[in-house]
Amino acid sequence: QVQLVESGGGLVQAGGSLRLSCAASGSIFSINVMAWYRLAPEKQRELVARITSGGSTNFADSVKGRFTIARDNAKNTVYLQMNGLKPEDTAIYYCYAEVKTSRWLPARASWGQGTQVTVSS
């Protein structure tokens, strides 16, 4: 069993910054991709940023140049630094990880419970 626990959400004014953290725990052999998704009211779930175990990153066009993603493999933790926040960034942010619990088993997707980010104008 793998658990992902997010922290760092909250209310911030437009132009401000927040840093989200997500720590994975449980039966972990290795973690491939770690990512952040978000879900805003009346919108589809959106991939915000992802990072591979080797450090390669991808970002949604809407956050490029404002958000960065990093991970600490020793701590099984991924971070999302969000700068220049806009009201349209308001959403529930979910942590995602592809976790191998054994050398011989394929990676399985795990999700966090979500953390609310609200950006006021």
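Cys95 is buried in this predicted model, because its relative accessibility is 0%, below the 20% limit for a buried residue. Cys22 is likewise buried, with a relative accessible area of 0%. These two residues are joined by a disulfide, in which the distance from S to S is 2.0 Å. A search of the whole structure finds 1 disulfide. The link connects distant parts of the chain: Cys22 belongs to strand S3 and Cys95 to strand S9 (residues 91–100), and 73 residues separate them. The torsion about the S-S bond of Cys22 and Cys95 is about -80°, so the disulfide is left-handed.

Strand S3, which holds Cys22, also takes part in a sheet. This open sheet consists of 4 strands in the order S1-S3-S8-S7, with antiparallel pairing. Strand S1 (2–7) and strand S7 (67–72) are the edge strands; each has a single partner strand, so one side of each is left without a neighbour in the sheet. From one strand to the next, the twist averages 15°. In a regular strand, side chains alternate between the two faces of the sheet.

Strand S9, which holds Cys95, pairs with strand S4 in the antiparallel sense. Strand S4 (residues 30–39) is mostly covered, since 7 of its 10 residues are buried, that is, under 20% relative accessible area. Strand S4 also pairs with strand S5 (residues 46–51), again in the antiparallel sense. S4 and S5 form a hairpin with 6 residues between them. In the turn of this hairpin, Glu42 has a positive phi of about 65°.

| Strands | Bridges | Example of bridge partners |
|---|---|---|
| S1 and S3 | 6 bridges | Leu4 and Ala24 |
| S4 and S9 | 8 bridges | Ala35 and Tyr96 |
| S4 and S5 | 5 bridges | Arg38 and Glu46 |

The C-alpha atom of Tyr79 is separated by 9.4 Å from that of Glu6, although the two residues are 73 residues apart along the chain. Arg19 is found in strand S3. Its relative accessibility is 48%, which lies between the limits of 20% and 50%, so Arg19 counts as partly exposed. Arg19 and Phe67 are 48 residues apart along the chain, and their C-alpha atoms are separated by 9.5 Å.

The remaining topic is the empty space in the model. Rolling a probe the size of a water molecule over the atoms shows where such space is left. The largest pocket contains about 190 Å³ of space. Which residues line the largest pocket? They are Gln1, Val2, Val99, Thr101, Leu105, Pro106, Arg108, Ala109 and Ser110. By class, this lining has 5 nonpolar, 3 polar and 1 charged residues. Strand S10 (residues 108–111) gives the largest share of the lining, 3 residues.

Methods: Residues are numbered from 1 along each chain as its sequence is written. This is a predicted model: local features need pLDDT of at least 70, side-chain atom pairs count only at pLDDT 80 or more; totals for chains, interfaces and linings use all residues. Side-chain values use heavy atoms; hydrogens and water are left out. Two strands pair if DSSP finds at least two bridges between them. Helices (H or I, at least four residues) and strands (E, at least two) are DSSP runs, numbered from the N terminus. Axes are lines fitted to C-alpha atoms, for helices over the stretch in contact, and angles run from 0 to 180 degrees between N-to-C directions. A disulfide is a pair of cysteine sulfur atoms within 2.5 Å. Buried means under 20% relative accessible area, exposed over 50%, partly exposed in between (1.4 Å probe, protein chains only). On a 1 Å grid over the protein atoms alone, a cavity is a set of points where a 1.4 Å probe fits but cannot get out, and a pocket is an open set with protein on both sides within 12 Å along at least five of seven lines; lining residues have an atom within 4 Å of a point. Grid points are joined across faces, edges and corners, and a volume is the space filled by probe spheres set on the points. Ala, Val, Leu, Ile, Met, Phe, Trp, Tyr, Cys and Pro count as nonpolar, Asp, Glu, Lys and Arg as charged, and the others, Gly among them, as polar.
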